[in-house]
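The sequence and the structure come first.

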Amino acid sequence: MPRTLSDDLVRKVPVIPASDSVGQAARRVVDSGLPALPVDDDGRYCGIFGEREFVTVIFPGYLGELKYAGFMTHALDEGIEKRATALAERVGDHCNREHIDVDEGFSDAQLAEIFLHHRVLIVPVVDSDRHVKGVITRGDFFAALVDRIDGTE
């Protein structure tokens with residue numbers, strides 16, 4: 001049986017408890033070297049928290065609706081100061097809760113569809129009890145695809 005692209009791409013990663021603060025979660029993401037990490041609530045996967053979610057917490061909600069924000073002159077420090085209390089909020093209240101994950105029997109096509117149609121940089125791999133087994137990054141999937149096409153794998 002042919003190997004799938006993603007056979008060796010599942011990374012073991014730390015999981016952020018939903019009860020952590022946004023500030024703690026952001027530090028875990030930075031320390032992981034990944035753009036996002038899975039969040040769990042009582043040991044079960046419940047969402048993703050990363051760069052996009054953190055920026056959404058720090059900046060006003062209407063920024064996501066604007067097509068251009070160049071007319072806004074406020075400095076970053078001013079925005080952070082106004083939203084500083086949000087850093088203490090539960091990360092579980094700010095994680096992306098879309099159903100963007102795969103079970104342990106996932107296919108390459110399933111991963112490709114997720115990376116194409118959702119704005120995620122990681123896809124958690126979960127078992128039947130919704131425990132996180134690891135993640136696959138879009139960058140790792142892309143590199144494996146290029147290697148397969150080049151015949152270097």
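Predicted model: local features only at pLDDT ≥ 70, side-chain atom pairs only at ≥ 80, totals over all residues.

In it, D41 has R44 of β3 as its bridge partner. This bridge belongs to the antiparallel pairing of strand β2 (residues 36-41) with β3, a pairing that comprises six bridges. Another bridge of β3 joins F49 to L37.

Two residues lie between the strands of this hairpin, and D42 there has a positive phi near 55°. Strand β3 covers residues 44-50, and six of its seven residues are buried.

## Overall composition

The protein chain contains five helices and six strands. Read from the N terminus, the order of the elements is β-α-β-β-α-α-β-α-β-β-α. Of the 153 residues in the chain, 36% are buried.

Among contacts with a separation of 6 or more, 56% are between residues 24 or more positions apart. The accessible surface of the chain is about 9,300 Å², and carbon and sulfur atoms contribute 54% of it.

## Helix α1

Which residues of α1 are buried? They are V22, A25, A26 and V29. Seen down the axis of α1, these buried residues fall within an arc of 100°, so they line one face of the helix. An α-helix has 3.6 residues a turn, so residues three or four places apart point the same way.

The cover over the buried residues of α1 includes the strands β1, β2 and β3, together with α2 (51-58). After α1 comes G33, which has a positive phi near 75°.

## Sheet β4-β5-β6

The strands β4, β5 and β6 form an open sheet in the order β4-β5-β6, and the pairing is mixed. The edge positions belong to β4 (102-103) and β6 (132-137); each has a single partner strand, so one side of each is left without a neighbour in the sheet.

β4 runs parallel to strand β5 (residues 122-126), and two bridges join them. In this part of the sheet, D103 stands opposite V126 of β5. Helix α4 (residues 108-117) lies across β4, β5 and β6, and its direction is at about 140° to β5.

## Helix α4

The buried residues in α4 include D108, L111, I114 and F115. They cover an arc of only 125° around the axis, which puts them on the same side of α4. The face turned away from this buried side carries A109, L116 and H117, which are exposed.

What lies over the buried residues of α4? The cover includes β4, β5, β6 and α5.

## The aromatic pair

How many aromatic pairs does the structure hold? There is one. It is formed by F115 and F141, with 5.7 Å from centre to centre and 40° between the planes, and it counts as tilted. F115 lies in helix α4 and F141 in helix α5 (residues 138-150), so the pair ties together parts that are 26 residues apart in sequence.

Technical notes: Residues numbered from 1 in each chain as written. Heavy atoms only, no water. Buried < 20%, exposed > 50% of the residue type's maximum accessible area, 1.4 Å probe, protein only. Helix = DSSP H or I, 4+ residues; strand = E, 2+ residues; numbered from the N terminus. Pairing = 2+ DSSP bridges. Contact = heavy atoms within 4.5 Å. Axes fitted to C-alpha atoms, helices over the stretch in contact; angles between N-to-C directions. Phe/Tyr/Trp six-rings, centres within 6.5 Å; stacked < 30°, edge-to-face > 60°. Arc of directions from axis to C-beta. Areas by Shrake-Rupley, 256 points an atom, 1.4 Å probe, with all protein chains shown as cover.
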